[in-house]
Number of protein chains: 2
Amino acid sequence: MARPRSFDEAVVVDAAARCFTEVGYAATSVDDLVGATGLHRGSLYGAFGSKRGLFLAALARCAEPTGERALDLLLVAALELAPHDEEVRTAVERSCAALGGDASSSLGRRLLERARVRSDVPDSHHPRTRRS
Amino acid sequence: MARPRSFDEAVVVDAAARCFTEVGYAATSVDDLVGATGLHRGSLYGAFGSKRGLFLAALARCAEPTGERALDLLLVAALELAPHDEEVRTAVERSCAALGGDASSSLGRRLLERARVRSDVPDSHHPRTRRS
DNA sequence: GCCGTTCTTGACTGATCGGTCATCCATGAA
DNA sequence: TTCATGGATGACCGATCAGTCAAGAACGGC
């Protein structure tokens, strides 16, 4: 009994995740999320409680981080929220464990790739090394 | 001729950098910067033009990134601004070059350290490995 | 039909945002 | 002593922020 939800939670959370990864957590406004998800503020708050709640939902969906987007969300979580948010920190820890021992280098590589910074010497470890 | 500056620009920029690294760029308000630097808004804007200008000044001071704080500022720059800000991207690139070929792993390691995420298995690669 | 429950809608709030500006003040030159 | 210059001050601005809520709508049960 009661009115059913008119949206697919997974689709909404994915749209939100796209926002968060695009410009970061703090720079994403609830109006942005409203626009991206198609939901109205009330529904968004009814379903997720807060901007942070929606972010946590998105983060929970990359417990097994696969693909760039998941890695980007992990970056945002680790840099913007984890240092001052225990719950986010725990979620990040879990995702990193799933990434294996080289989590930090995967994240570092993706960080610079996302920033479009060319600094990772692609196939040699020393600038000195010459390749034909 | 004219009134001399009453503040040391280096000190002000360092104080600002501390803010930015503490909570990130977007989450740092100009009021925070006013509080941390001791300057008034007008002076801050007179000297640096904008919040972004102050950030750029801070970033320029870690062209040779030494220490955690410089690395943290680099992280913030790379994640929050570089993807959509050409000038920041260039500055990050320069600093990364100074970091050498393992810039991405240094940043990745520091990212998780700062987030207080224990995921870098310190002296074994597999969780299976037992330690006495 | 009617009711209880849950979801939807969007107007609304007070707080805070980055940035501006008129006014005042300290200085060195004349 | 007067003046031009540029820094200091803090009140002020419109825009935007995250979050709330009263009203209406869609359902299942009866």
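Phe20(A), Tyr25(A) and Phe55(A) form one aromatic cluster; rings of Phe, Tyr and Trp (its six-membered ring) pair if their centres lie within 6.5 Å, with planes under 30 degrees apart counted as stacked, over 60 as edge-to-face and the rest as tilted. This is a predicted model, in which local features need pLDDT of at least 70 and side-chain atom pairs count only at pLDDT 80 or more, while totals for chains, interfaces and linings use all residues. Residues are numbered from 1 along each chain as its sequence is written, chains are lettered from A and ligands numbered from 1 in the order in which they are written, and side-chain values use heavy atoms, with hydrogens and water left out.

**Aromatic pairs**

- Over all chains, the structure holds 6 aromatic pairs.
- Phe20(B) and Phe55(B) form an edge-to-face pair because their ring centres are 5.0 Å apart and their planes are at 80°.
- This pair links distant parts of the chain, with Phe20(B) in helix H1 (residues 9–23) of chain B and Phe55(B) in helix H4 (residues 51–60) of chain B, 35 residues apart; helices (H or I, at least four residues) are DSSP runs, numbered from the N terminus.
- Both Phe20(B) and Phe55(B) are buried, that is, under 20% relative accessible area (1.4 Å probe, protein chains only).
- Phe55(B) also pairs edge-to-face with Tyr25(B), at 5.2 Å centre to centre and 80° between the planes.
- Tyr25(B) lies in the loop between H1 and H2 of chain B, 30 residues from Phe55(B) in helix H4, and both residues of this pair are buried.

**Charges over rings**

- Lys51(A) lies over the face of Tyr25(A), 4.5 Å from the ring centre; a charge sits over a ring if NZ of Lys or CZ of Arg is within 6 Å of the ring centre and within 35 degrees of the ring normal.
- In chain B, the charged end of Lys51(B) sits over the ring of Tyr25(B), 4.5 Å from its centre.

**DNA strand C**

- Ala2(A), Ser6(A), His40(A), Val30(B) and Arg41(B) come nearest of the 24 residues around DNA strand C, where a residue is near a strand if one of its heavy atoms lies within 4 Å of it.
- Of the atoms of DNA strand C that come within 4 Å of the protein, 67% belong to sugar and phosphate.
- Helix H3 (41–48) of chain A, and helices H2 (30–37) and H3 (41–48) of chain B, each supply at least two residues of the surface near DNA strand C.
- A polar side-chain atom of Ser6(A) is 2.6 Å from a phosphate oxygen of DNA strand C.
- The side chain of Tyr45(B) has an N or O atom 3.0 Å from a phosphate oxygen of DNA strand C.
- Arg3(B) has a polar side-chain atom 3.3 Å from a base oxygen of DNA strand C.

Terms used: A polar contact is a pair of N or O atoms within 3.5 Å; within protein, one must be able to donate a hydrogen and the other to accept it, and residues adjacent in sequence count only if both atoms are side-chain atoms. Buried means under 20% relative accessible area, exposed over 50%, partly exposed in between (1.4 Å probe, protein chains only).
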